Amino acid sequence: MLLAGWLLVTLGLQPPSAWVGLACQALSGALLSAWLRLPSWWLAINAVFPAALHGAVALHWPPIVFLGAFVALALVYWTTFSTRVPLYASGPAVWDLMARCLPVRPGARAIDLGSGLGGLALHLARQPGAPVVLGLELAPLPWLWSRCRARWQGSACRFLRQDYRQHDLSPYDLVLAYLSPAAMPALWQQLAAQLKPGACFVSCEFAVPGQAAIALPGSGLAGVPPLYVWHMGTDGVLAAGMGPDLTAVFWEKLSCS
Ligand SMILES: C[S@@+](CC[C@H](N)C(=O)[O-])C[C@H]1O[C@@H](n2cnc3c(N)ncnc32)[C@H](O)[C@@H]1O
């Protein structure tokens, strides 16, 4: 749309004022988004973008500020354009519920796929009798931040900067994920192929398209997004359910519901 504006000006079709030019660009951005069938929020983003750009240029900030902002955002969001999983952190209500899913047997292992700023993994690692907790994060800045937090807190929790799609999930008893709807189908394939019998998979907020799911008792209340849970059976089938260990933990809650 900016190119279209530039072309019009180059062809001598100057708008009568900057505001008319911006309005035309906003309209063309929204129309183009609709024509490309982009999700609705892109219409709003592309409509507002020319005015935001105009406003930013009018600030007359040195170019280094924009370069700095770009680099910082790139280090935080990194490969979001390909993974389609941006950074947003879960909160203490989710962490507490997830903590009830922790395996208690000695030597058990839990992993947070896409550990973001590390809050969830660090919280789990702080629980009494906690298993070994590993966080995998692809974006450099959140990963570095989590590592620093673990060091400051003297936590046994480890953070690796790695793509979970390249990580073998077979050693883990509990796999946690707070990703996005786009990531779920491929993750399901990976879990179904790699999880060991008895292992549990808990997904915060996002179910897997086409797969039956049950939500943990207590999730879906105020401030707690639904937490979906699946269990790998001894028959090698990953199915909705908590498995005997977790069912026992939530038994009291289940029998009341
Ligand atoms: C929604 S955040 C969740 C953060 C954290 N688990 C929590 O509950 O607060 C998802 C994170 O997953 C990371 N991510 C996305 N795709 C990934 C991948 N393939 N491998 C590792 N991390 C990934 C993103 O960079 C982002 O920080």
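Student: How do you know that helix 3 reaches a span close to the one expected?

Tutor: Helix 3 covers residues 40–58, and its 19 residues reach 28 Å from first to last C-alpha, close to the expected 27 Å, where the expected span is 1.5 Å times one less than the number of residues. A helix here is a DSSP run of H or I with at least four residues, a strand a run of E with at least two, and both are numbered from the N terminus. This is a predicted model, in which local features need pLDDT of at least 70 and side-chain atom pairs count only at pLDDT 80 or more, while totals for chains, interfaces and linings use all residues. Residues are numbered from 1 along each chain as its sequence is written.

Student: What makes Phe49 the site of a kink in helix 3?

Tutor: The bend at a residue is the angle between axes fitted to the seven residues ending there and the seven starting there; at Phe49, shortly before Pro50, there is a kink of about 35°. Helix 3 is followed by His60, which has a positive phi, near 55°.

Student: Which residues come nearest to the ligand?

Tutor: They are Thr83, Val85, Ser90, Gly114 and Gly116, out of 22 residues around the ligand, a residue being near if its C-beta atom, placed from the backbone, lies within 6 Å. Helix 7 (119–125) and strand 2 (132–137) each supply at least two residues of this shell.

Student: How far apart are the centres of domain 1 and domain 2?

Tutor: Over C-alpha atoms, 43 Å separate the two centres; domain 1 spans 2–60 and domain 2 spans 92–256, with bounds from an automatic or database domain assignment.
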